[in-house]
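Good morning, and thank you for joining.

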Amino acid sequence: AEIIKETYGAEPIFMCAPPVAESFEYDVSVTRYFHMWDVHDAVCRVGEYYKIPVIDNYKAFMDYLDNHSGSTLNDLLFDGLHPNDLGYAVIYDNIMDSLGLPRFPAYKAWPSE
């Protein structure tokens, strides 16, 4: 973190990827040695260790689902791996909120509302 600050005059920020659909997490045709929540935990721990802020898109997706009953993770994903428009809106709002920046346009509603 110090090298980035000294070299570029900027503070580093880590960002966690959003979760993927369960069909990908548990696909037995592919050998996986970790899951997306493992990646999430590793990024958060490294950020904590080096005192680098983390923008947590994994948690933002989970929070969205908690606050929008009836929604599923697939409602936020295009193909089970990549965000769709609503998923990108959740990421955008999370980044703007995490950086303390206003959303554009201000107070825009979720696309599904």
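The count of aromatic pairs comes to 1, where rings of Phe, Tyr and Trp (its six-membered ring) pair if their centres lie within 6.5 Å, with planes under 30 degrees apart counted as stacked, over 60 as edge-to-face and the rest as tilted. The pair is formed by Tyr-49 and Tyr-50: the ring centres are 4.8 Å apart and the planes stand at 85°, so the pair is edge-to-face. Tyr-49 is exposed, at a relative accessible area of 62%. Here buried means under 20% relative accessible area, exposed over 50%, and partly exposed in between, with a 1.4 Å probe and protein chains only.

Two remarks on the basis of these values. This is a predicted model, in which local features need pLDDT of at least 70 and side-chain atom pairs count only at pLDDT 80 or more, while totals for chains, interfaces and linings use all residues. Residues are numbered from 1 along each chain as its sequence is written, and side-chain values use heavy atoms, leaving out hydrogens and water.

As to the overall architecture, the chain has 5 helices and 2 strands, in the order α-β-α-α-β-α-α from the N terminus. Helices (H or I, at least four residues) and strands (E, at least two) are DSSP runs, numbered from the N terminus. The C-alpha atoms fill a box of roughly 45 × 45 × 20 Å along the principal axes. Of the 113 residues in the chain, 31% are buried.

Let me turn to helix H3, residues 36–50. Which residues of H3 are buried? They are Met-36, His-40 and Gly-47. These cover an arc of only 45° around the axis, which puts them on the same side of H3; the arc is that of the directions from the helix axis to the C-beta atoms. On the other side, Arg-45 and Tyr-49 are exposed. The buried residues of H3 pack against S1, helix H2 (22–25), S2 and H4, a contact being heavy atoms within 4.5 Å. Trp-37 also lies in H3 and is partly exposed, at 31% relative accessible area. Leaving aside residues up to four places away in sequence, Trp-37 touches Glu-25, Tyr-26 and Tyr-58. After H3 comes Lys-51, with a positive phi near 60°.

Helix H4, residues 57–67, buries Asn-57, Tyr-58, Ala-60, Phe-61, Tyr-64 and Leu-65. Viewed down the axis, these fall within an arc of 165°, so they line one face of H4. Asp-66 and Asn-67 are exposed on the other side. The buried face packs against strand S1 (14–16), H3, strand S2 (54–56) and helix H5 (85–99).

Finally, the core. In soluble globular proteins, nonpolar side chains tend to be buried together. The largest nonpolar core here has 11 residues, among them Ala-21, Leu-73, Leu-86 and Ile-91; such a core is a set of buried Ala, Val, Leu, Ile, Met, Phe, Trp, Tyr and Cys residues joined through side-chain atoms within 4.5 Å. H4 and H5 are the elements that give two or more residues to this core, and H4 gives the most, with 4 residues.
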